[in-house]
Each structure stands twice: as structure tokens, then as C-alpha cells.
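Dear colleague,

I am handing over the structure below and would be glad if you could look through it with the notes that follow. They begin with one pair of side chains and then widen to the chain as a whole.

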Amino acid sequence: STVAVYSVDKLIAEARRLSAEYRKATGRPLGGVSAEIAEYDAARLMDLDICEPKPGGYDAIGRGKRAGMRIQIKGRTIFDEGKTGQRIGQLKIEQDWDSVMLVLMDENLEAFEIYEAMREDIMQAVAESNVSNRNKRGAMSVAKFKAISRLVWTRENGAEDDEIWKST
């Protein structure tokens, strides 16, 4: 119903506000909130259906040009653009999925960029990083993810491409 959709929009807006205020007051993020907001934004902006309940390896199924794609969604709040070494949450590499979307959010938990990486590119990057074995399996820096992915949405321009890309 439209009432339910409208209320979720309002609740997400309130969650953004509360989470930002909590962080300003305590210096700590409100755990779990940014992941929910990232999922919500990815679904709304990239035409995805969030899976309820979660099947395990992915969070959403694509519609439109991503029809049937199984997509893991990760969110990262970037408070300091200059800070390096920020990592994204552990990727579920042993499970079934087709791509990973990384939603980058500002200090108000508003999305400003979304990147998408295809499974084969992530598996290759994880295999390469595991050679040094310094990284936990499936852990990756934001910078590395950006390097192997494609920018698919920006706050300024919306969706960045019209056709789904395949890695070459």
C-alpha cells in the first residue's frame, strides 16, 4: 500500500537523522543502521527488490536491466574523504550471488555514490589479496572495491549507465 511505502520513506529519513545525531554526540556509529539504509537506497535508486527473508549470499534481486541478478549490498559511511584504508564489510564469497553494490554515504547517511562489481572481478581480487594472506577472506578496502568496480550512480547524475556491463 502507498501508506506503508510512505511510512518507510519517513522512517528511513528519521533513521538517517538519528544516526547522524548519535554519531555527533558519541563519536560512534549507530550499529546496523547504515546497512539498512544502504539496502533501502540501493533498492530505491537501482531498481532492486530486497529479499525478505534473506537467502544468505545476496540481499536483493535486480529488476529491469538487472532482472534476476542476485546482488549483495554493502554500505560504508565516509566521514573523512582523505582517510585511507577504510574497509567494506566481509563479502560472502563462498555463497551464490552475481554482483556486489557498495553504497557510499556521507556523514548524514545520504548516499552520494554507488559502485557495482561483478562476481568474477571480486573473486579475482580476493584471490590476489589472499596470496599475501594479510587480508581476511572476503575483506576488501573501499579503494580496492572502487578500482575493480564501476560507478553506477551518483547523487549529481543519478544512474551512470544505461546498459548493464560485463567485465572483460
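**Salt bridges**

Glu 21 and Arg 17 are joined through their side chains by a salt bridge, at 3.0 Å from N to O, where a salt bridge is a side-chain nitrogen of Lys or Arg within 4 Å of a carboxyl oxygen of Asp or Glu. Please keep in mind that this is a predicted model, in which local features need pLDDT of at least 70 and side-chain atom pairs count only at pLDDT 80 or more, while totals for chains, interfaces and linings use all residues. Residues are numbered from 1 along each chain as its sequence is written, and side-chain values use heavy atoms, with hydrogens and water left out.

Both Glu 21 and Arg 17 belong to helix 1 (residues 2-26), where they sit four residues apart, about one turn of the helix; helices (H or I, at least four residues) and strands (E, at least two) are DSSP runs, numbered from the N terminus. Glu 21 is partly exposed at a relative accessible area of 44%, and Arg 17 is likewise partly exposed, at 38%, given that buried means under 20% relative accessible area, exposed over 50%, and partly exposed in between (1.4 Å probe, protein chains only).

A second salt bridge links the side chains of Glu 39 and Lys 54, at 3.2 Å from N to O. Glu 39 lies in helix 2 (residues 33-46) and Lys 54 in the loop between strand 1 (48-50) and strand 2 (60-62), so this pair ties together parts that are 15 residues apart in sequence. Of these two residues, Glu 39 is buried, at 10% relative accessibility, whereas Lys 54 is partly exposed, at 34%.

Within helix 2, Asp 41 forms a salt bridge with Arg 44, their closest N and O atoms being 3.0 Å apart, and the two residues, three apart in the helix, are separated by about one helical turn. Asp 41 is buried with a relative accessible area of 0%, while Arg 44 counts as partly exposed at 49%. Salt bridges with shared partners join Arg 16, Asp 41, Arg 44 and Glu 110 into one network. The count of salt bridges under this rule is twelve.

**Strand 6 and its partners**

Strand 6 (residues 111-118) is mostly covered, with eight of its eight residues buried. Strand 5 (residues 99-105) runs antiparallel to strand 6 and is joined to it by seven bridges, two strands being paired if DSSP finds at least two bridges between them; Met 101 has Glu 116 of strand 6 as its bridge partner. These two strands form a hairpin with five residues between them, and Leu 109 in the turn has a positive phi of about 60°. Strand 6 also pairs with strand 8 (residues 150-154), in the antiparallel sense and over four bridges, with Glu 113 standing opposite Thr 154 of strand 8.

**The chain as a whole**

The protein chain contains four helices and nine strands, which follow the pattern α-α-β-β-β-β-β-β-α-β-α-β-β along the sequence. Of its 168 residues, 42% count as buried. Among contacts (heavy atoms within 4.5 Å) with a separation of 6 or more, 58% are between residues 24 or more positions apart. The chain exposes about 9,300 Å², of which carbon and sulfur atoms supply 51%; accessible areas come from the Shrake-Rupley method with a 1.4 Å probe, and for residues only the protein chains shown count as cover.

With best regards
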